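Here's a quick briefing to read with the model open beside you.

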Amino acid sequence: MSAPRTIRGRVAVAGIGETAYYKHGQAPESEVALALRAVLAACADAGIDPRQVDGFASYSNDRNDPSRLAAALGLPELRFSNMQWGGGGGGGSAAAGNAAAAIAAGYAECVVVFRALAQGQFQRFGAAPPAATVSGEAALTFPYGLISPAQRFAMRVMRFMHDHGIRPQAQRAIALASYHHAQSNPRAVMHGRPLTPEAYDASRWIVEPFRLFDCCMENDGAAALVLVSAERARDLPQRPAYLLGAAQGSEYRSGARGHNAPTYASASFTTVAPHLYAMAGVAAKDVDVVQSYENFTGGVLMSLVEHEFFAPDEANEFLTVENLTAPDGRLPLNTSGGNLAECYMHGLELQIEAVRQLRGESTSQVPGARVAMVISGPMVTPVSSMILGTEAAL
Amino acid sequence: MSASGGAVSSPTAYLPAGLPRPVPEPDGLDTPYWEGTRAGELRVQRCRDCGAWQWGPEWICHRCLGFDLAWAAVEPRGRIYSWERAWHPVHPALKDHGPYIVVLVELPHAGGVRVVGNLLGDPLQPVEIGAAVAAVFEPHEDPKAAFTLVQWRKTG
Ligand SMILES: [Zn+2]
(Lines give C-alpha, C1' and ligand atoms only; values in the text may rest on other atoms or scores of the structure.)
Protein backbone atom coordinates (compact mmCIF):
# COMPACT_ATOMS: atom_id res chain seq x y z
CA MET A 1 0.00 0.00 0.00
CA SER A 2 1.35 3.41 -0.90
CA ALA A 3 1.85 6.08 1.74
CA PRO A 4 -0.75 8.85 1.88
CA ARG A 5 0.22 11.75 -0.35
CA THR A 6 0.42 14.57 2.12
CA ILE A 7 2.89 16.96 3.68
CA ARG A 8 1.06 16.79 7.00
CA GLY A 9 3.58 16.74 9.83
CA ARG A 10 6.55 16.13 7.54
CA VAL A 11 7.93 19.66 7.30
CA ALA A 12 8.20 22.53 9.75
CA VAL A 13 9.02 26.21 9.82
CA ALA A 14 12.22 26.34 11.87
CA GLY A 15 13.10 30.00 11.44
CA ILE A 16 11.51 33.33 10.65
CA GLY A 17 13.17 36.58 9.67
CA GLU A 18 12.29 40.02 8.47
CA THR A 19 13.83 43.40 7.92
CA ALA A 20 12.44 46.52 9.49
CA TYR A 21 9.27 47.55 7.65
CA TYR A 22 9.21 50.90 5.87
CA LYS A 23 6.66 53.12 4.23
CA HIS A 24 6.70 52.49 0.51
CA GLY A 25 9.66 54.06 -1.23
CA GLN A 26 11.55 54.61 2.03
CA ALA A 27 13.70 51.49 2.20
CA PRO A 28 17.26 52.66 2.86
CA GLU A 29 18.84 49.99 0.70
CA SER A 30 18.34 47.89 -2.38
CA GLU A 31 15.54 45.36 -2.65
CA VAL A 32 18.01 42.49 -3.08
CA ALA A 33 19.90 43.61 0.02
CA LEU A 34 16.63 43.53 1.94
CA ALA A 35 16.00 39.99 0.67
CA LEU A 36 19.45 38.87 1.77
CA ARG A 37 19.02 40.40 5.22
CA ALA A 38 15.70 38.61 5.70
CA VAL A 39 17.25 35.30 4.67
CA LEU A 40 20.11 35.78 7.13
CA ALA A 41 17.70 36.78 9.89
CA ALA A 42 15.58 33.68 9.32
CA CYS A 43 18.67 31.43 9.36
CA ALA A 44 19.89 33.05 12.57
CA ASP A 45 16.47 32.51 14.12
CA ALA A 46 16.57 28.87 13.04
CA GLY A 47 20.06 28.43 14.44
CA ILE A 48 21.52 27.25 11.13
CA ASP A 49 24.46 28.39 9.02
CA PRO A 50 23.02 30.17 5.95
CA ARG A 51 25.21 27.91 3.81
CA GLN A 52 22.93 25.02 4.71
CA VAL A 53 20.16 26.58 2.62
CA ASP A 54 19.77 24.65 -0.62
CA GLY A 55 16.51 25.97 -2.04
CA PHE A 56 14.31 29.04 -2.46
CA ALA A 57 10.62 29.53 -3.15
CA SER A 58 8.78 32.76 -3.80
CA TYR A 59 5.74 34.17 -5.59
CA SER A 60 4.29 37.13 -7.43
CA ASN A 61 7.25 37.44 -9.76
CA ASP A 62 9.70 38.35 -7.02
CA ARG A 63 12.62 40.07 -8.72
CA ASN A 64 15.34 38.47 -6.58
CA ASP A 65 16.02 35.18 -8.27
CA PRO A 66 17.39 32.18 -6.41
CA SER A 67 20.53 31.87 -8.50
CA ARG A 68 21.59 35.38 -7.59
CA LEU A 69 20.78 34.83 -3.92
CA ALA A 70 22.66 31.52 -3.89
CA ALA A 71 25.71 33.12 -5.51
CA ALA A 72 25.55 36.13 -3.20
CA LEU A 73 25.34 33.87 -0.15
CA GLY A 74 28.04 31.49 -1.39
CA LEU A 75 25.76 28.46 -1.12
CA PRO A 76 27.61 25.20 -1.85
CA GLU A 77 24.76 24.08 -4.09
CA LEU A 78 21.26 25.09 -5.17
CA ARG A 79 18.84 22.17 -5.35
CA PHE A 80 15.42 23.79 -5.59
CA SER A 81 14.26 27.08 -7.08
CA ASN A 82 10.58 27.73 -7.38
CA MET A 83 8.32 30.59 -8.43
CA GLN A 84 4.61 30.28 -7.90
CA TRP A 85 2.63 31.56 -10.89
CA GLY A 86 0.21 34.42 -10.42
CA GLY A 87 0.28 37.99 -9.25
CA GLY A 88 -0.89 39.62 -6.09
CA GLY A 89 -0.33 37.87 -2.81
CA GLY A 90 -2.19 34.73 -3.82
CA GLY A 91 0.99 32.67 -3.86
CA GLY A 92 2.21 33.25 -0.32
CA SER A 93 0.96 29.99 1.15
CA ALA A 94 1.59 28.17 -2.12
CA ALA A 95 5.27 29.12 -1.96
CA ALA A 96 5.48 27.57 1.50
CA GLY A 97 3.55 24.55 0.27
CA ASN A 98 5.88 24.17 -2.71
CA ALA A 99 8.92 24.39 -0.44
CA ALA A 100 7.44 21.80 1.88
CA ALA A 101 6.67 19.49 -1.03
CA ALA A 102 10.27 19.75 -2.21
CA ILE A 103 11.55 18.78 1.23
CA ALA A 104 9.04 15.93 1.61
CA ALA A 105 9.95 14.65 -1.86
CA GLY A 106 13.68 14.78 -1.19
CA TYR A 107 14.53 17.49 -3.70
CA ALA A 108 16.09 19.70 -1.04
CA GLU A 109 16.85 19.78 2.67
CA CYS A 110 16.47 23.41 3.70
CA VAL A 111 14.30 25.75 1.65
CA VAL A 112 13.82 29.45 2.28
CA VAL A 113 10.48 31.01 1.39
CA PHE A 114 10.93 34.74 0.90
CA ARG A 115 9.44 37.93 -0.50
CA ALA A 116 11.15 41.30 -0.87
CA LEU A 117 9.63 44.60 -1.95
CA ALA A 118 11.18 48.01 -2.43
CA GLN A 119 8.54 49.61 -4.57
CA GLY A 120 10.21 53.01 -4.58
CA GLN A 121 12.80 51.38 -6.82
CA PHE A 122 10.14 49.94 -9.15
CA GLN A 123 6.51 50.45 -10.21
CA ARG A 124 3.85 50.72 -7.48
CA PHE A 125 0.97 48.26 -7.42
CA GLY A 126 -1.77 50.81 -6.84
CA ALA A 127 -0.86 53.18 -9.67
CA ALA A 128 -1.61 52.72 -13.35
CA PRO A 129 1.33 51.57 -15.43
CA PRO A 130 2.44 54.42 -17.67
CA ALA A 131 1.41 52.94 -21.01
CA ALA A 132 -0.27 54.76 -23.88
CA THR A 133 -1.95 51.61 -25.18
CA VAL A 134 -3.35 48.42 -23.65
CA SER A 135 -4.33 45.11 -25.17
CA GLY A 136 -5.78 41.79 -24.09
CA GLU A 137 -7.78 41.80 -20.88
CA ALA A 138 -6.57 45.29 -19.96
CA ALA A 139 -8.12 46.63 -23.19
CA LEU A 140 -11.51 45.47 -21.91
CA THR A 141 -11.19 47.34 -18.61
CA PHE A 142 -8.57 50.14 -18.54
CA PRO A 143 -10.37 52.46 -21.01
CA TYR A 144 -13.34 52.39 -18.61
CA GLY A 145 -11.21 53.47 -15.66
CA LEU A 146 -11.11 49.93 -14.22
CA ILE A 147 -7.38 49.78 -13.63
CA SER A 148 -6.07 49.33 -10.08
CA PRO A 149 -6.34 46.24 -7.87
CA ALA A 150 -8.98 47.95 -5.71
CA GLN A 151 -11.03 48.65 -8.83
CA ARG A 152 -10.55 45.12 -10.13
CA PHE A 153 -11.92 43.54 -6.96
CA ALA A 154 -14.60 46.00 -5.81
CA MET A 155 -17.31 44.56 -8.05
CA ARG A 156 -16.75 41.04 -6.70
CA VAL A 157 -17.28 42.29 -3.16
CA MET A 158 -20.19 44.52 -4.18
CA ARG A 159 -22.00 41.52 -5.63
CA PHE A 160 -21.26 39.33 -2.59
CA MET A 161 -22.51 41.98 -0.16
CA HIS A 162 -25.62 42.47 -2.28
CA ASP A 163 -26.37 38.74 -2.48
CA HIS A 164 -26.09 38.26 1.29
CA GLY A 165 -27.23 41.57 2.72
CA ILE A 166 -23.85 42.30 4.29
CA ARG A 167 -23.52 45.68 5.94
CA PRO A 168 -20.46 48.00 5.71
CA GLN A 169 -19.83 47.39 9.42
CA ALA A 170 -18.66 43.88 8.59
CA GLN A 171 -15.79 45.24 6.51
CA ARG A 172 -15.15 47.87 9.15
CA ALA A 173 -14.69 45.26 11.89
CA ILE A 174 -11.92 43.61 9.87
CA ALA A 175 -10.06 46.91 9.51
CA LEU A 176 -10.53 47.78 13.19
CA ALA A 177 -9.23 44.37 14.29
CA SER A 178 -6.02 44.79 12.29
CA TYR A 179 -5.43 48.29 13.65
CA HIS A 180 -6.23 47.14 17.18
CA HIS A 181 -3.59 44.41 17.00
CA ALA A 182 -1.03 46.77 15.45
CA GLN A 183 -1.16 48.92 18.58
CA SER A 184 0.50 46.09 20.55
CA ASN A 185 3.09 45.42 17.85
CA PRO A 186 6.09 47.75 17.85
CA ARG A 187 7.15 46.47 14.41
CA ALA A 188 3.88 47.64 12.86
CA VAL A 189 3.97 50.63 10.56
CA MET A 190 0.66 51.76 12.13
CA HIS A 191 1.84 51.19 15.73
CA GLY A 192 0.79 54.25 17.72
CA ARG A 193 -1.85 55.19 15.16
CA PRO A 194 -5.10 53.63 16.39
CA LEU A 195 -8.22 53.60 14.22
CA THR A 196 -11.65 54.42 15.60
CA PRO A 197 -15.01 53.47 14.07
CA GLU A 198 -15.67 57.17 13.57
CA ALA A 199 -12.42 57.69 11.69
CA TYR A 200 -13.19 54.67 9.52
CA ASP A 201 -16.68 55.95 8.70
CA ALA A 202 -15.31 59.41 7.89
CA SER A 203 -12.55 58.12 5.64
CA ARG A 204 -12.76 58.77 1.92
CA TRP A 205 -13.96 56.29 -0.63
CA ILE A 206 -11.28 54.70 -2.76
CA VAL A 207 -13.81 52.79 -4.81
CA GLU A 208 -17.18 51.80 -3.38
CA PRO A 209 -17.55 49.54 -1.41
CA PHE A 210 -13.96 50.16 -0.21
CA ARG A 211 -12.99 53.11 1.97
CA LEU A 212 -9.40 54.13 2.57
CA PHE A 213 -9.07 51.85 5.60
CA ASP A 214 -10.38 48.84 3.70
CA CYS A 215 -7.29 48.94 1.51
CA CYS A 216 -3.83 47.59 2.28
CA MET A 217 -0.79 49.75 2.61
CA GLU A 218 2.13 49.55 0.22
CA ASN A 219 5.42 49.03 2.02
CA ASP A 220 9.07 48.19 1.60
CA GLY A 221 10.88 45.38 3.35
CA ALA A 222 11.61 41.67 3.16
CA ALA A 223 10.54 38.53 5.02
CA ALA A 224 11.72 34.93 4.99
CA LEU A 225 10.90 31.53 6.47
CA VAL A 226 13.28 28.58 6.84
CA LEU A 227 11.64 25.20 6.17
CA VAL A 228 13.25 21.87 7.02
CA SER A 229 12.03 18.34 7.66
CA ALA A 230 10.10 17.76 10.86
CA GLU A 231 12.88 15.51 12.21
CA ARG A 232 15.51 18.16 11.66
CA ALA A 233 13.30 20.91 13.09
CA ARG A 234 13.07 19.02 16.38
CA ASP A 235 16.86 19.32 16.75
CA LEU A 236 16.89 23.08 16.19
CA PRO A 237 16.42 25.68 18.90
CA GLN A 238 12.97 27.04 18.02
CA ARG A 239 9.68 25.34 18.73
CA PRO A 240 8.73 23.92 15.31
CA ALA A 241 5.62 25.10 13.51
CA TYR A 242 4.58 22.04 11.51
CA LEU A 243 2.76 22.29 8.22
CA LEU A 244 -0.49 20.42 8.56
CA GLY A 245 -1.62 21.27 5.07
CA ALA A 246 -1.33 23.64 2.14
CA ALA A 247 -3.49 24.07 -0.94
CA GLN A 248 -3.51 26.30 -3.96
CA GLY A 249 -5.62 26.87 -7.06
CA SER A 250 -8.93 28.40 -8.01
CA GLU A 251 -12.44 27.58 -9.18
CA TYR A 252 -13.77 26.47 -12.56
CA ARG A 253 -12.71 29.08 -15.14
CA SER A 254 -11.65 31.53 -12.45
CA GLY A 255 -9.28 33.03 -14.99
CA ALA A 256 -11.96 33.74 -17.61
CA ARG A 257 -11.08 37.21 -18.81
CA GLY A 258 -13.08 40.39 -18.58
CA HIS A 259 -14.68 39.53 -15.23
CA ASN A 260 -16.28 36.33 -16.56
CA ALA A 261 -15.35 33.93 -13.76
CA PRO A 262 -18.53 31.88 -13.24
CA THR A 263 -18.07 32.02 -9.46
CA TYR A 264 -17.58 35.78 -9.53
CA ALA A 265 -18.59 36.87 -6.02
CA SER A 266 -15.82 34.84 -4.45
CA ALA A 267 -12.35 35.08 -2.97
CA SER A 268 -11.47 32.07 -5.21
CA PHE A 269 -11.16 29.57 -2.33
CA THR A 270 -14.34 27.53 -2.76
CA THR A 271 -12.44 24.60 -4.25
CA VAL A 272 -9.13 25.24 -2.44
CA ALA A 273 -10.34 25.30 1.16
CA PRO A 274 -11.82 21.76 1.15
CA HIS A 275 -8.47 20.38 -0.04
CA LEU A 276 -6.70 22.31 2.69
CA TYR A 277 -8.90 20.94 5.46
CA ALA A 278 -8.76 17.42 4.07
CA MET A 279 -4.97 17.41 4.11
CA ALA A 280 -4.64 19.11 7.48
CA GLY A 281 -7.15 16.79 9.13
CA VAL A 282 -8.77 19.64 11.00
CA ALA A 283 -12.02 21.59 10.66
CA ALA A 284 -12.70 25.30 10.94
CA LYS A 285 -13.69 24.88 14.59
CA ASP A 286 -10.18 23.57 15.37
CA VAL A 287 -8.45 26.72 14.09
CA ASP A 288 -7.30 28.92 16.98
CA VAL A 289 -6.12 31.97 15.05
CA VAL A 290 -6.28 33.16 11.43
CA GLN A 291 -4.02 35.43 9.41
CA SER A 292 -6.01 36.38 6.31
CA TYR A 293 -4.43 38.51 3.59
CA GLU A 294 -6.07 41.89 3.38
CA ASN A 295 -5.67 43.37 -0.04
CA PHE A 296 -9.14 44.66 0.75
CA THR A 297 -11.34 43.87 3.73
CA GLY A 298 -14.09 42.45 1.53
CA GLY A 299 -11.63 39.84 0.31
CA VAL A 300 -10.99 38.78 3.91
CA LEU A 301 -14.73 38.54 4.47
CA MET A 302 -15.22 36.17 1.53
CA SER A 303 -12.06 34.20 2.45
CA LEU A 304 -13.39 33.51 5.93
CA VAL A 305 -16.72 32.39 4.52
CA GLU A 306 -15.04 30.07 2.02
CA HIS A 307 -12.91 28.58 4.81
CA GLU A 308 -16.21 27.85 6.61
CA PHE A 309 -15.76 30.02 9.68
CA PHE A 310 -19.30 31.32 9.20
CA ALA A 311 -21.99 31.26 6.55
CA PRO A 312 -22.43 34.30 4.30
CA ASP A 313 -25.70 35.18 5.97
CA GLU A 314 -23.98 35.14 9.38
CA ALA A 315 -21.33 37.70 8.38
CA ASN A 316 -23.03 40.67 9.99
CA GLU A 317 -23.23 38.96 13.38
CA PHE A 318 -19.86 37.22 13.24
CA LEU A 319 -17.71 40.09 12.04
CA THR A 320 -17.40 42.25 15.13
CA VAL A 321 -14.25 43.68 16.68
CA GLU A 322 -14.91 41.64 19.81
CA ASN A 323 -15.03 38.37 17.87
CA LEU A 324 -11.93 39.16 15.81
CA THR A 325 -9.47 40.30 18.48
CA ALA A 326 -7.04 38.45 20.72
CA PRO A 327 -6.91 37.07 23.28
CA ASP A 328 -10.57 36.10 23.76
CA GLY A 329 -12.34 36.61 20.44
CA ARG A 330 -14.10 33.71 18.74
CA LEU A 331 -11.69 33.98 15.81
CA PRO A 332 -8.69 36.26 16.43
CA LEU A 333 -7.74 37.68 13.05
CA ASN A 334 -4.55 39.29 11.75
CA THR A 335 -2.97 39.49 15.17
CA SER A 336 0.14 41.38 14.03
CA GLY A 337 -1.88 44.05 12.24
CA GLY A 338 -1.58 42.31 8.89
CA ASN A 339 -1.33 44.03 5.55
CA LEU A 340 -3.52 46.87 6.76
CA ALA A 341 -1.56 47.96 9.78
CA GLU A 342 1.64 45.94 10.35
CA CYS A 343 3.20 45.90 6.92
CA TYR A 344 2.28 45.03 3.38
CA MET A 345 5.04 42.46 3.01
CA HIS A 346 2.88 40.92 0.34
CA GLY A 347 1.39 38.70 2.99
CA LEU A 348 4.51 36.84 4.05
CA GLU A 349 4.38 38.71 7.36
CA LEU A 350 1.20 36.69 7.94
CA GLN A 351 3.09 33.39 7.81
CA ILE A 352 5.59 34.82 10.28
CA GLU A 353 2.81 35.88 12.62
CA ALA A 354 1.22 32.43 12.45
CA VAL A 355 4.56 30.93 13.54
CA ARG A 356 4.84 33.45 16.37
CA GLN A 357 1.38 32.46 17.59
CA LEU A 358 2.39 28.79 17.68
CA ARG A 359 5.59 29.67 19.54
CA GLY A 360 3.58 31.73 22.02
CA GLU A 361 5.47 34.88 21.03
CA SER A 362 2.88 37.11 19.39
CA THR A 363 2.34 40.64 20.65
CA SER A 364 -1.38 39.74 20.61
CA GLN A 365 -1.07 36.15 21.74
CA VAL A 366 -3.99 33.74 21.62
CA PRO A 367 -3.48 31.66 24.77
CA GLY A 368 -2.50 28.08 23.99
CA ALA A 369 -2.78 28.46 20.21
CA ARG A 370 -2.16 25.06 18.57
CA VAL A 371 -3.56 25.49 15.06
CA ALA A 372 -3.00 28.60 12.96
CA MET A 373 -4.26 29.30 9.44
CA VAL A 374 -2.84 31.62 6.81
CA ILE A 375 -4.98 32.68 3.84
CA SER A 376 -3.11 34.30 0.97
CA GLY A 377 -4.22 36.88 -1.57
CA PRO A 378 -8.00 36.56 -2.03
CA MET A 379 -9.75 37.20 -5.37
CA VAL A 380 -6.75 36.55 -7.61
CA THR A 381 -6.04 33.24 -9.29
CA PRO A 382 -4.43 31.03 -8.19
CA VAL A 383 -4.90 31.65 -4.48
CA SER A 384 -3.52 29.56 -1.63
CA SER A 385 -3.87 28.86 2.07
CA MET A 386 -2.07 26.81 4.69
CA ILE A 387 -2.49 25.45 8.19
CA LEU A 388 0.31 25.23 10.73
CA GLY A 389 0.26 23.43 14.03
CA THR A 390 2.30 22.81 17.15
CA GLU A 391 3.65 19.40 18.15
CA ALA A 392 0.43 18.91 20.11
CA ALA A 393 -1.62 19.36 16.93
CA LEU A 394 0.10 16.50 15.10
CA MET B 1 -30.67 38.88 -34.84
CA SER B 2 -30.98 42.61 -34.34
CA ALA B 3 -27.36 43.54 -33.89
CA SER B 4 -27.40 47.24 -33.17
CA GLY B 5 -30.93 48.01 -32.01
CA GLY B 6 -31.04 50.83 -29.51
CA ALA B 7 -27.43 51.81 -30.01
CA VAL B 8 -26.52 55.41 -30.64
CA SER B 9 -23.18 57.10 -30.97
CA SER B 10 -22.01 59.30 -28.16
CA PRO B 11 -20.80 62.76 -29.14
CA THR B 12 -18.69 63.05 -26.02
CA ALA B 13 -16.74 60.50 -24.02
CA TYR B 14 -17.76 59.55 -20.47
CA LEU B 15 -14.21 59.68 -19.12
CA PRO B 16 -11.52 62.28 -19.86
CA ALA B 17 -9.08 61.80 -22.70
CA GLY B 18 -5.70 60.33 -21.87
CA LEU B 19 -6.57 56.90 -20.53
CA PRO B 20 -4.74 54.02 -22.25
CA ARG B 21 -6.00 53.39 -25.78
CA PRO B 22 -7.19 49.82 -26.47
CA VAL B 23 -5.44 48.02 -29.32
CA PRO B 24 -6.12 44.49 -30.61
CA GLU B 25 -3.87 41.73 -29.35
CA PRO B 26 -0.79 41.06 -31.45
CA ASP B 27 -2.02 37.54 -32.25
CA GLY B 28 -5.32 38.89 -33.60
CA LEU B 29 -7.53 37.06 -31.12
CA ASP B 30 -9.82 40.00 -30.34
CA THR B 31 -9.59 41.93 -33.63
CA PRO B 32 -13.19 41.02 -34.62
CA TYR B 33 -14.44 42.47 -31.32
CA TRP B 34 -12.77 45.84 -31.89
CA GLU B 35 -13.83 45.92 -35.55
CA GLY B 36 -17.37 45.20 -34.35
CA THR B 37 -17.52 48.12 -31.97
CA ARG B 38 -16.45 50.44 -34.82
CA ALA B 39 -19.42 49.09 -36.81
CA GLY B 40 -21.82 49.60 -33.90
CA GLU B 41 -21.97 45.92 -33.06
CA LEU B 42 -21.31 44.16 -29.78
CA ARG B 43 -19.68 40.87 -30.75
CA VAL B 44 -18.80 37.95 -28.49
CA GLN B 45 -17.64 34.46 -29.32
CA ARG B 46 -19.97 31.57 -30.06
CA CYS B 47 -18.88 28.03 -30.79
CA ARG B 48 -19.95 26.75 -34.20
CA ASP B 49 -19.78 23.17 -32.95
CA CYS B 50 -21.66 23.22 -29.64
CA GLY B 51 -23.26 26.66 -29.49
CA ALA B 52 -21.53 27.75 -26.29
CA TRP B 53 -21.17 31.48 -25.71
CA GLN B 54 -17.76 32.67 -24.63
CA TRP B 55 -16.29 35.93 -23.33
CA GLY B 56 -13.49 37.11 -22.94
CA PRO B 57 -12.11 35.75 -26.11
CA GLU B 58 -10.08 32.57 -26.34
CA TRP B 59 -8.82 30.41 -29.18
CA ILE B 60 -10.71 27.32 -28.02
CA CYS B 61 -14.25 26.62 -26.88
CA HIS B 62 -14.17 25.92 -23.14
CA ARG B 63 -17.12 23.51 -23.43
CA CYS B 64 -16.38 21.21 -26.39
CA LEU B 65 -12.70 22.10 -26.97
CA GLY B 66 -13.30 22.88 -30.62
CA PHE B 67 -11.37 25.66 -32.31
CA ASP B 68 -14.16 26.80 -34.62
CA LEU B 69 -15.39 29.91 -32.86
CA ALA B 70 -17.64 32.42 -34.59
CA TRP B 71 -18.14 36.07 -33.67
CA ALA B 72 -21.81 36.70 -32.99
CA ALA B 73 -23.26 40.21 -32.94
CA VAL B 74 -25.58 40.24 -29.93
CA GLU B 75 -28.38 42.59 -29.07
CA PRO B 76 -26.60 45.19 -26.95
CA ARG B 77 -28.88 45.00 -23.96
CA GLY B 78 -28.33 43.44 -20.58
CA ARG B 79 -28.67 43.83 -16.85
CA ILE B 80 -26.27 45.08 -14.22
CA TYR B 81 -24.50 42.13 -12.60
CA SER B 82 -22.30 44.29 -10.36
CA TRP B 83 -20.96 47.82 -10.18
CA GLU B 84 -18.55 50.15 -8.43
CA ARG B 85 -18.14 53.87 -8.01
CA ALA B 86 -14.47 54.84 -8.31
CA TRP B 87 -13.35 57.94 -6.43
CA HIS B 88 -9.58 57.74 -6.08
CA PRO B 89 -7.85 58.72 -9.34
CA VAL B 90 -5.34 56.01 -10.22
CA HIS B 91 -4.36 57.52 -13.56
CA PRO B 92 -3.16 61.07 -14.32
CA ALA B 93 -6.03 61.49 -16.80
CA LEU B 94 -8.53 61.03 -13.96
CA LYS B 95 -6.98 63.58 -11.60
CA ASP B 96 -9.60 66.14 -10.50
CA HIS B 97 -12.27 64.35 -12.55
CA GLY B 98 -14.39 63.12 -9.64
CA PRO B 99 -16.23 59.85 -9.24
CA TYR B 100 -17.39 57.64 -12.07
CA ILE B 101 -19.33 54.39 -12.30
CA VAL B 102 -18.10 51.09 -13.71
CA VAL B 103 -20.70 48.39 -14.40
CA LEU B 104 -20.40 44.72 -15.14
CA VAL B 105 -23.26 43.93 -17.52
CA GLU B 106 -24.62 40.42 -17.97
CA LEU B 107 -26.07 39.49 -21.35
CA PRO B 108 -28.80 36.91 -20.57
CA HIS B 109 -29.50 36.26 -24.27
CA ALA B 110 -25.82 35.43 -24.89
CA GLY B 111 -25.29 32.71 -22.34
CA GLY B 112 -24.91 35.16 -19.49
CA VAL B 113 -21.48 36.41 -20.58
CA ARG B 114 -20.46 39.69 -18.95
CA VAL B 115 -18.95 42.86 -20.33
CA VAL B 116 -17.37 45.83 -18.54
CA GLY B 117 -18.34 49.42 -19.24
CA ASN B 118 -19.34 52.69 -17.64
CA LEU B 119 -22.88 53.61 -16.61
CA LEU B 120 -23.72 56.91 -18.32
CA GLY B 121 -25.47 59.70 -16.47
CA ASP B 122 -25.03 61.19 -13.02
CA PRO B 123 -21.94 59.63 -11.44
CA LEU B 124 -23.67 59.87 -8.04
CA GLN B 125 -26.86 58.11 -9.16
CA PRO B 126 -28.02 55.07 -7.21
CA VAL B 127 -27.18 51.82 -9.00
CA GLU B 128 -29.19 48.64 -8.67
CA ILE B 129 -27.90 45.18 -9.39
CA GLY B 130 -30.29 43.61 -11.88
CA ALA B 131 -31.28 46.91 -13.54
CA ALA B 132 -31.86 46.79 -17.32
CA VAL B 133 -29.32 48.63 -19.46
CA ALA B 134 -28.68 49.21 -23.17
CA ALA B 135 -25.42 49.89 -24.93
CA VAL B 136 -24.28 53.26 -26.18
CA PHE B 137 -21.37 53.08 -28.61
CA GLU B 138 -18.77 55.71 -27.82
CA PRO B 139 -16.42 56.43 -30.74
CA HIS B 140 -12.98 57.87 -30.13
CA GLU B 141 -11.59 59.34 -33.32
CA ASP B 142 -8.03 59.08 -32.06
CA PRO B 143 -5.72 60.18 -34.91
CA LYS B 144 -3.27 57.37 -34.08
CA ALA B 145 -5.97 54.70 -34.26
CA ALA B 146 -9.69 55.20 -33.88
CA PHE B 147 -11.55 52.91 -31.50
CA THR B 148 -15.03 52.61 -30.03
CA LEU B 149 -15.97 51.78 -26.46
CA VAL B 150 -19.26 50.21 -25.40
CA GLN B 151 -21.01 52.17 -22.65
CA TRP B 152 -24.34 51.57 -20.94
CA ARG B 153 -27.44 53.51 -19.97
CA LYS B 154 -30.38 52.50 -17.82
CA THR B 155 -33.56 51.62 -19.67
CA GLY B 156 -35.87 50.64 -16.82
ZN1 LIG C 1 -17.97 24.30 -28.32
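Helices (H or I, at least four residues) and strands (E, at least two) are DSSP runs, numbered from the N terminus. This is a predicted model, where local features need pLDDT of at least 70, side-chain atom pairs count only at pLDDT 80 or more, and totals for chains, interfaces and linings use all residues. Residues are numbered from 1 along each chain as its sequence is written, while chains are lettered from A and ligands numbered from 1 in the order in which they are written.

- Chain B has an open sheet of three strands in the order β3-β2-β4, with antiparallel pairing; two strands pair if DSSP finds at least two bridges between them.
- β3 (53–54) and β4 (69–74) of chain B are at the edges with a single partner strand each, so one side of each has no neighbour in the sheet.
- Strand β2 (residues 42–47) of chain B is joined to β4(B) by six bridges, and Cys47(B) stands opposite Leu69(B).
- Helix α1 (residues 31–38) of chain B packs on this sheet, touching β2 and β4 of chain B, and its direction makes about 145 degrees with that of β2(B). Such axes are lines fitted to C-alpha atoms, for helices over the stretch in contact, and angles run from 0 to 180 degrees between N-to-C directions.

**Helix α1 of chain B**

- Which residues of α1(B) are buried? They are Tyr33(B), Gly36(B) and Thr37(B). A residue is buried if 20 or more other C-beta atoms lie within 10 Å of its own, exposed if 12 or fewer, and partly exposed in between, with C-beta atoms placed from the backbone.
- Those buried residues fall within an arc of 95 degrees seen down the axis of α1(B), so they line one face of the helix. The arc is that of the directions from the helix axis to the C-beta atoms.
- Just after α1(B) comes Gly40(B), with a positive phi of about 75 degrees.

**Where the two chains meet**

- The contact takes 33 residues from chain B and 37 residues from chain A; two residues are in contact if their C-beta atoms, placed from the backbone, lie within 7 Å.
- Strand β7 (residues 205–208) of chain A runs antiparallel to β5(B), joined by two bridges, and Val207(A) has Ala86(B) as its bridge partner.

**Spots to find in chain A**

- Another cis peptide bond runs from Glu208(A) to Pro209(A), with omega near 15 degrees.
- His259(A) isn't a glycine, yet has a positive phi of about 65 degrees. With 23 C-beta neighbours inside 10 Å, His259(A) counts as buried.
- Asn334(A), also not a glycine, has a positive phi of about 50 degrees, and Asn334(A) is buried, with 32 other C-beta atoms within 10 Å.

- The model scores ipTM 0.95 and pTM 0.96.
- Chain B has a mean pLDDT of 92, and 93% of its residues reach 70 or more; pLDDT is the predictor's confidence in each residue, from 0 to 100.
- Over residues 1–10 of chain B, the pLDDT is below 50.
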